[in-house]
Amino acid sequence: PIPWSKQHKKLTKVQDGGLSYSLSNSFAEPLTSKQLIDWTLERGDKDLVDMYYSHSLHYTPNGGSYDLRQAIAELYGPKVSADNILVFPGAQVALQTAARVLANSSSHSITFTPGYQSVQEGPSHAGGLVTKISLKAENGWQIDPEEVMAAI
């Protein structure tokens, strides 16, 4: 069978007769550098454009750059520092990491499909047992508590 992710990509491609707008993509619609710079200048943020032109293109450290982690920590008050913050390059990596931390060979996880593949497969990659519950259009994609109880 064709993996769910490949079916999803085919369904959402406009050129293949799919959806005009996909709200399920985990990436931003592409812009050109010129569009991004023009929009930034239009809102009067020349300093940001100057920083863009002088910014290093090296990889950031695993877990996020210190300045970003510090800025996030400041949102949570004085009891949280940059050392308490972990930044991921995207939701998929964060979900996989959480599964690796929380699941093990004695774990049983219940996941729902359709959904992120990393949510569905992450616990099994960590050695745990996974029960998948299919959500159905005829139920309005709602979770059926009886199915969850039966899976426990």
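**Salt bridges, a helix and a surface patch**

Q: How many residues apart are lysine 46 and aspartate 50 in helix α3 (residues 46-54), given that about one helical turn separates them?
A: An α-helix has 3.6 residues a turn, so residues three or four places apart point the same way. Helices are DSSP runs of H or I with at least four residues, strands are runs of E with at least two, and both are numbered from the N terminus. Lysine 46 and aspartate 50 are about one helical turn from each other in α3, a spacing of four residues.

Q: What is the distance between the closest N and O atoms of lysine 46 and aspartate 50?
A: This is a predicted model, in which local features need pLDDT of at least 70 and side-chain atom pairs count only at pLDDT 80 or more, while totals for chains, interfaces and linings use all residues. Residues are numbered from 1 along each chain as its sequence is written, and side-chain values use heavy atoms, with hydrogens and water left out. Lysine 46 and aspartate 50 form a salt bridge (a side-chain nitrogen of Lys or Arg within 4 Å of a carboxyl oxygen of Asp or Glu). Their closest N and O atoms are apart by 3.1 Å.

Q: Which parts of the structure does the pair of glutamate 121 and lysine 132 tie together?
A: The side chains of glutamate 121 and lysine 132 meet in a salt bridge of 2.7 Å, N to O. Because the two residues lie in separate elements, the pair ties together parts 11 residues apart in sequence: helix α6 (residues 117-125) and strand β2 (residues 129-134).

Q: Where does lysine 136, the partner of glutamate 147, lie?
A: The side chains of lysine 136 and glutamate 147 meet in a salt bridge of 3.4 Å, N to O. Glutamate 147 is in helix α7 (145-151), and lysine 136 is in the loop between β2 and α7.

Q: Which elements do the buried residues of α6 pack against?
A: In α6, Ser118, Gln120, Gly122 and Pro123 are buried (under 20% relative accessible area with a 1.4 Å probe, protein chains only; exposed is over 50%, partly exposed in between). These buried residues pack, by contact of heavy atoms within 4.5 Å, against α5 (91-102), β1 (108-113) and β2.

Q: Which helices each supply at least two residues of the nonpolar patch?
A: A patch joins residues with over 30% relative accessible area and no salt bridge: like charges within 9 Å, or nonpolar side chains (Val, Leu, Ile, Met, Phe, Trp, Tyr) within 5 Å. Leu31, Leu36, Trp39, Tyr52 and Tyr53 make a nonpolar surface patch of about 560 Å², an area from the Shrake-Rupley method with a 1.4 Å probe. At least two of its residues come from each of α2 (33-42) and α3.
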